[in-house]
Amino acid sequence: MKERYLEDFEAGQTFQSERIRIDVDRIKSFAAEFDPQPFHLDERAATDTIFRGLVASGWHTAAITMKLLVEGDLKPAGGIVGASFDEFRWLQPVRPGDELRVESEVLAVRASTSRPDQGVIKVRTTTLNQNNEAVQVLVGNLIVLRSPVSS
């Protein structure tokens, strides 16, 4: 799939990703390195927490979301380059065996006034599990290159 320049985006467009299955070993491996809390590392200890079982770190969910975005069909020219987030929420935990995918919707498109070769798209990305339940929602502002003929 070809990359899209700023001029190729408009509010209301939606983009999808493939799915990825979450397994226990990856949850524990990520947590051991980046978020070593009992509810991410030990099934037995996790049963006595607010989660009542092993869950992936929210940061692991965010990293998986990024992978799905990069491999999905959004494809902004210049790559997925974040400038800022307006919103970032974890709505429910991700558990072993969950199958995640992302849906992204362009909310706004704006050319830069200071950098004529680029602009910003505001995108809401929802990470969904196999039951189509949102587990994470983020609204981010991505820097996108303008078409060489329009700059």
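Reply: One definition comes ahead of the questions: a pocket is an open set of grid points where a 1.4 Å probe fits, with protein on both sides within 12 Å along at least five of seven lines. The model shown is predicted.

Me: What is the volume of the largest pocket?
Reply: The volume is the space filled by probe spheres set on the grid points. For the largest pocket this comes to about 250 Å³.

Me: Which residues lie nearest the centre of the largest pocket?
Reply: The lining of the largest pocket consists of 18 residues. Helix H4 (58-71), strand S3 (81-90), S5 and S6 each give two or more residues to this lining. Nearest the centre are Met66, Leu69, Ile80, Phe85 and Leu138.

Me: Which element gives the largest share of the lining of the largest pocket?
Reply: By class, the lining holds 10 nonpolar and 8 polar residues, with no charged residues. The largest share, 5 residues, is given by S6.

Me: In S5, which residue is the bridge partner of Ala108?
Reply: Strand S4, residues 99-111, pairs with S5 in the antiparallel sense over 10 bridges. A hairpin of 6 residues joins S4 to S5. The bridge partner of Ala108 in S5 is Lys122.

Me: In S6, which residue is the bridge partner of Arg124?
Reply: S5 also pairs with strand S6, residues 134-145, in the antiparallel sense over 11 bridges. S5 and S6 form a hairpin with 5 residues between them. The partner of Arg124 in S6 is Val139.

Me: What is the relative accessible area of Asn132?
Reply: Asn132 sits in the loop between S5 and S6. Its phi is positive, about 60°, although Asn132 is not a glycine. Asn132 counts as partly exposed because its relative accessible area is 49%.

Me: Is Arg52 buried or exposed?
Reply: Arg52 is in the loop between helix H3 (43-46) and H4. Phi of Arg52 is also positive, near 55°, in a residue other than glycine. Exposed means over 50% relative accessible area. The relative accessibility of Arg52 is 61%, so Arg52 is exposed.

Me: Why is the pair of Trp59 and Phe88 called tilted?
Reply: The structure holds 7 aromatic pairs. In the pair of Trp59 and Phe88, the ring centres are 6.0 Å apart. Planes under 30 degrees apart count as stacked and over 60 as edge-to-face, with the rest tilted. The planes of these two rings are at 40°, so the pair is tilted.

Me: How many residues apart are Trp59 and Phe88?
Reply: Trp59 belongs to helix H4 and Phe88 to strand S3. The pair links distant parts of the chain, and the separation is 29 residues.

Me: What are the relative accessibilities of Trp59 and Phe88?
Reply: Trp59 counts as exposed because its relative accessibility is 52%. Phe88 counts as partly exposed, and its value is 28%.

Me: What is the angle between the planes of Trp59 and Trp90?
Reply: Trp59 and Trp90 form an aromatic pair with 4.9 Å centre to centre. This pair too links distant parts of the chain, with Trp59 in helix H4 and Trp90 in strand S3, 31 residues apart. The pair is edge-to-face, and the angle between the planes is 85°.

Me: Which residues do ring pairs link into a cluster?
Reply: Trp90 is partly exposed, with a relative accessible area of 39%. Ring pairs link Trp90 into a cluster with Trp59, Phe85 and Phe88.

Me: Which residues is Pro96 in contact with, leaving aside its neighbours within four places in sequence?
Reply: Pro96 is in the loop between S3 and S4. Pro96 is partly exposed, at 32% relative accessibility. Neighbours within four places in sequence aside, Pro96 is in contact with Ile22, Val24, Ile27 and Leu54.

Me: What distance separates the C-alpha atoms of Pro96 and Gly53?
Reply: Along the chain, Pro96 and Gly53 are 43 residues apart. Their C-alpha atoms are separated by 9.6 Å.

Key
Residues are numbered from 1 along each chain as its sequence is written. This is a predicted model: local features need pLDDT of at least 70, side-chain atom pairs count only at pLDDT 80 or more; totals for chains, interfaces and linings use all residues. Side-chain values use heavy atoms; hydrogens and water are left out. Two strands pair if DSSP finds at least two bridges between them. Helices (H or I, at least four residues) and strands (E, at least two) are DSSP runs, numbered from the N terminus. On a 1 Å grid over the protein atoms alone, a cavity is a set of points where a 1.4 Å probe fits but cannot get out, and a pocket is an open set with protein on both sides within 12 Å along at least five of seven lines; lining residues have an atom within 4 Å of a point. Ala, Val, Leu, Ile, Met, Phe, Trp, Tyr, Cys and Pro count as nonpolar, Asp, Glu, Lys and Arg as charged, and the others, Gly among them, as polar. Buried means under 20% relative accessible area, exposed over 50%, partly exposed in between (1.4 Å probe, protein chains only). Rings of Phe, Tyr and Trp (its six-membered ring) pair if their centres lie within 6.5 Å; planes under 30 degrees apart count as stacked, over 60 as edge-to-face and the rest as tilted. Contact means heavy atoms within 4.5 Å.
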